[in-house]
Amino acid sequence: MESVEYSPNTPLEYQSETGRLNILGFWIFLGAEIALFSTLFATYLVLVGRTAGGPGPEELFEISGVLIETFLLLTSSFTCGLAIHYMRNHSLKGVFLWIGVTLALGLGFLGFEIYEFVHYIHEGAALTTSAYWSGFFVLVGTHGAHVTMGIAWISLILIQLKQRGLTPDTTRKVFISSLYWHFLDVVWIFIFTAVYLYGMVM
Amino acid sequence: MSNNEQTNSHSHFPWSHLIGFGLSIVLTLLALWVGFASDFSFRTIMIIVVILALIQAAIQLLMFMHITESDSSRIQVGTILYAVFIAVAIVAGTIWVMSFGMHNMNM
């Protein structure tokens, strides 16, 4: 019943009804994710200053570490976009190369973030230290958990891509996971602004 | 199929990604400069950096995520705009409501 002819230019992931609906469904999921993160941002911003006599962000935040994390994630978002570009040129090699770079940058980001968290805890600012640090670790930690989840998910898709090559099914999965990855960078832009810049300028 | 439009440029160099990447870097550095090297008041700084963040988010959505490329682009854009409205209502509303009775806090 699906007899629509596709122009050869139509990307594989859009060539089936399922593919199109899955992509649309994922955008709706991202809308829900925006709502989820907004509640965490609201909680964090309300708790700014409630350090209960413990250390505050201005003492612990360091611009160099934050900038490294920001540029790692920003660059990974760019390389993830390149992977989709090569996927639409039917270059499986290009997809593997750029997704590989994306995952490596993502792991680098996670490494710096874990280092940062351990450093704060070492300096006496843990999840249970004060309302402020609870808000901080829940907001930034939820983003970090999303990145971890994204790396695991995309790694599994790479295995399937290796086995099956570029099909409407696999390209759809790569494309949807790329939307997820870009979205994580969007959330980070706001963490960079509302948590780190705000905390350091204050 | 309207999703053919942007696919025509496929075999070419990915300029839109490169431009988006460059703009994101510039916007990040600009936010840093406004935050640490400018003489604006705290309030002005926060307004400017939030606007810069919103522009950068729009660049991601348009140039990296191609939110407008598919047949259901209007639903996608509508969903995201609605989610942004919800986010602004939650964040601004919470800060506003919680600000009552907090005058003696040194915020």
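# Briefing: chains A and B

Between chain B and chain A there is one salt bridge. Glu69(B) and Arg88(A) make a salt bridge, with their closest N and O atoms 2.8 Å apart. The model is predicted. Chain B and chain A together bury about 4500 Å². Within chain B, the assignment gives two parts: domain 1 (2–70) and domain 2 (72–107).

**Interface of chain B and chain A**

- Chain B brings 57 residues to the contact, and chain A brings 51 residues.
- Of the area of about 4500 Å² buried between the chains, 78% lies on carbon and sulfur atoms.
- Four residue pairs are in polar contact across this interface, with both residues of each pair at pLDDT 80 or more.
- Three helices of chain B, α1 (15–36), α2 (42–64) and α3 (73–98), each give at least two residues to the side that touches chain A.
- Helix α3(B) gives the largest share of that side, with 13 residues.
- Sorted by class, the side of chain B that touches chain A holds 35 nonpolar, 20 polar and two charged residues.

**Domains of chain B**

- Domain 1 of chain B covers 2–70, and domain 2 of chain B covers 72–107.
- Five residues of domain 1 of chain B contact five residues of domain 2 of chain B.
- These two domains of chain B bury about 420 Å² between them, and carbon and sulfur atoms give 59% of that area.
- Ile67(B), Thr68(B) and Ser70(B) supply 85% of what domain 1 of chain B buries against domain 2 of chain B.
- Zero salt bridges are found between domain 1 of chain B and domain 2 of chain B.
- Polar contacts do link the two domains of chain B: four residue pairs count, both residues at pLDDT 80 or more.
- The side of domain 1 of chain B that touches domain 2 of chain B has two nonpolar, two polar and one charged residues.

**Helix α1 of chain A**

- Helix α1(A) spans residues 17–47 and has 31 residues.
- From first C-alpha to last, helix α1(A) reaches 46 Å, close to the 45 Å expected at 1.5 Å a residue.

Key:
Residues are numbered from 1 along each chain as its sequence is written. Chains are lettered from A and ligands numbered from 1 in the order in which they are written. This is a predicted model: local features need pLDDT of at least 70, side-chain atom pairs count only at pLDDT 80 or more; totals for chains, interfaces and linings use all residues. Side-chain values use heavy atoms; hydrogens and water are left out. Contact means heavy atoms within 4.5 Å. Buried area is the accessible area (1.4 Å probe) that two parts lose on being put together, summed over both. A salt bridge is a side-chain nitrogen of Lys or Arg within 4 Å of a carboxyl oxygen of Asp or Glu. A polar contact is a pair of N or O atoms within 3.5 Å; within protein, one must be able to donate a hydrogen and the other to accept it, and residues adjacent in sequence count only if both atoms are side-chain atoms. Helices (H or I, at least four residues) and strands (E, at least two) are DSSP runs, numbered from the N terminus. Ala, Val, Leu, Ile, Met, Phe, Trp, Tyr, Cys and Pro count as nonpolar, Asp, Glu, Lys and Arg as charged, and the others, Gly among them, as polar. The expected span of a helix is 1.5 Å times one less than its number of residues. Domain bounds come from an automatic or database domain assignment.
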